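Open the model in your viewer and keep the selection tool at hand. The tour below goes stop by stop.

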Amino acid sequence: MTTTDVPPGSPDGTGTADETLLRLIASALAGLSRQRTVPNPVYPAKVQNAYNRLVLHCLRRGEEPPGSVPEMVRWACERPLATWPLTLPDEARAGEAVLVDPETRLPHQMCLEWEVSAADPAAELFENERILEALAVCRAAKSPGAYTAFRALLTSRPMLTGAELALLGGDPECGMLLHSVIKRCYEPVPASYLREGAYRQCARCRCLMVPLLGGGHRCELDRCRRDGTGDDGIPLRPDKGGIFQLSRPLRMFVTSPGLAETDLEAALKKRFGITAEMWPNYDAYDLRIPLPGRRYWAVDVKDRVNPALLARTITPFRGDPPYDRAFLVVPRYRFRENEAYGRQFRRNLPDDMPGRVTLLDDQAFLRLVGRELTDLSRQEAEPPRTEGGCHA
């Protein structure tokens, strides 16, 4: 994959340095959200470094800097990214979006996407480490079915009781092979999620909901919050074996797009009777869609806030199993939120990628499948023609 040295919209190159600073700030905010105890020193080096860099940056710009690390966090909760003293391309400014939810004090997905794009290799792998580990185990055992079951588990069961987690060890689909990996994917639920003696589970995605300071609960996945899922969820009593949930990066970058993947799989089956193969050949891509004439379309589903960061990470799909066309499918609500999503994505594609993958929202992709099936049926129904072009 190649990337441009200067982001679009920053002809003088200032955007590059400012994007680097934004990555540092996002990594610091995400790191703070994962702390369970007060360390010594209070702020880890990467948090202090991000704050120091932001203060220096503000002073150079003649802007009033935040007076402390907590003040930097308040900026992240209260100030839209577009109002920060940073020179960023339009696709990075995100309108009125803030980096941290002011009520739950947890980083929004946008913040985590900037962390993933950071230069620190550890941040690059924060959600991929477990996936790569599972892939290695399944490949060594020559068991692609176990990997498919593992991905389905992370998608459909982001929360488990202690008893359920233990019982997975005897599950023949993936637990017997991957139980140690699975246990490292889940972590104990913090006590802050408990209110009035119960947890709340989102009825849509099955993730635990976050209690709000003013009462009520909120699902932390963009797909549920953006679609107006505002109920208080399903009450869940504490279990004597404990309650465990996937680590937050896995919930954001595996469960959330995994739900979009399975939604697309279900829609293909319901509308067209197509049975897609999920995560074929150890996740070469997300769905392999069979079409008449022994043709196949390959699909990767991404549920990302920032189209520029998404484009910069795109690489060619693996060719095994083979396919005829490659698509990147994003849930429709991302395009509703950002009408320039497609243009911003195309502007930031690596030089070797245009023409190799087609970006569509999920509804547009389903319409394209329908048109393709109609065209193929029409061609098959046409009577053969003579050399003169007349019907036989």
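A contact here means heavy atoms within 4.5 Å. With that cut-off, take the contacts in the protein with a separation of 6 or more: residues 24 or more positions apart account for 65% of them. What you have loaded is a predicted model.

**Whole chain**

Start with a cartoon view. The protein has 17 helices and 12 strands. Now colour by accessibility. Of the 392 residues, 49% count as buried.

**Stop 1: the three-stranded sheet**

Select β1, β7 and β2. They make an open sheet in the order β1-β7-β2, and the pairing is antiparallel. The edges are β1 (159-161) and β2 (186-188), each of which pairs on one side only. Direction ignored, neighbouring strands here are turned by 35° against each other on average.

Zoom in on β2 and β7. Strand β7 covers residues 243-246, runs antiparallel to β2 and is joined to β2 by three bridges. Which residue stands opposite Glu187 in β7? Pick Gln245.

Move to β1 and select Thr161, which lies in that strand. Is Thr161 buried or exposed? Thr161 has a relative accessible area of 13%, so this residue is buried, the cut-off being under 20%. Leaving aside residues up to four places away in sequence, Thr161 touches Asp239, Gly242, Ile243 and Phe244.

**Stop 2: helices around that sheet**

Then show α10, residues 175-185. Which residues of α10 are buried? They are Gly175, Leu178, His179, Val181, Ile182 and Cys185. An α-helix has 3.6 residues a turn, so residues three or four places apart point the same way. Show what covers the buried residues of α10: the cover includes α7 (128-140), α8 (144-156) and α9 (162-167). Also part of that cover are β2, β7 and α12.

**Stop 3: the five-stranded sheet**

Select β8 to β12. The five strands form an open sheet in the order β8-β9-β10-β11-β12, with mixed pairing. At the edges stand β8 (277-278) and β12 (358-361); each has a single partner strand, so one side of each is left without a neighbour in the sheet.

Focus on β10 (residues 295-301) and β11. These two pair in the parallel sense, over five bridges. Click Asp300, whose bridge partner in β11 is Leu328.

**Stop 4: the nonpolar cores**

Show side chains. In soluble globular proteins, nonpolar side chains tend to be buried together. The largest nonpolar core in this model has 47 residues. Which members touch the most other members? Select Phe150, Tyr186, Ile289 and Phe365.

Stay on Phe365. Not counting residues up to four places away in sequence, Phe365 touches Leu264, Ile289, Trp297, Val299, Phe327, Val329 and Leu360. Then look for a second, separate core of 29 residues; among them are Leu21, Leu22, Val305 and Leu309.

**Stop 5: aromatic pairs**

Display the rings of Phe, Tyr and Trp. Pairs, with ring centres within 6.5 Å, come to nine. Pick Phe317 and Tyr323. Their rings are 6.1 Å apart centre to centre, with 65° between the planes, an edge-to-face pair. Phe317 is buried, at 12% relative accessibility, whereas Tyr323 is partly exposed, at 26%.

Now go to Phe327 and Phe365. Why is this pair called edge-to-face? The planes stand at 65°, so the pair gets that label; edge-to-face needs over 60 degrees. The ring centres are 5.1 Å apart. The pair links distant parts of the chain, with Phe327 in strand β11 (residues 325-330) and Phe365 in helix α17 (residues 362-381), 38 residues apart. Phe327 has a relative accessible area of 0% and is buried. Phe365 is also buried, at 0% relative accessibility.

**Stop 6: charges over rings**

Two last selections. First, Arg79 with Trp75: Arg79 lies over the face of Trp75, 4.3 Å from the ring centre. Second, Arg288 with Tyr296: the charged end of Arg288 sits over the ring of Tyr296, 3.6 Å from its centre.

Terms used
Residues numbered from 1 in each chain as written. Predicted model: local features only at pLDDT ≥ 70, side-chain atom pairs only at ≥ 80, totals over all residues. Heavy atoms only, no water. Pairing = 2+ DSSP bridges. Helix = DSSP H or I, 4+ residues; strand = E, 2+ residues; numbered from the N terminus. Axes fitted to C-alpha atoms, helices over the stretch in contact; angles between N-to-C directions. Core = buried A, V, L, I, M, F, W, Y, C linked by side-chain atoms within 4.5 Å. Buried < 20%, exposed > 50% of the residue type's maximum accessible area, 1.4 Å probe, protein only. Phe/Tyr/Trp six-rings, centres within 6.5 Å; stacked < 30°, edge-to-face > 60°. Lys NZ or Arg CZ within 6 Å of the ring centre and 35° of its normal.
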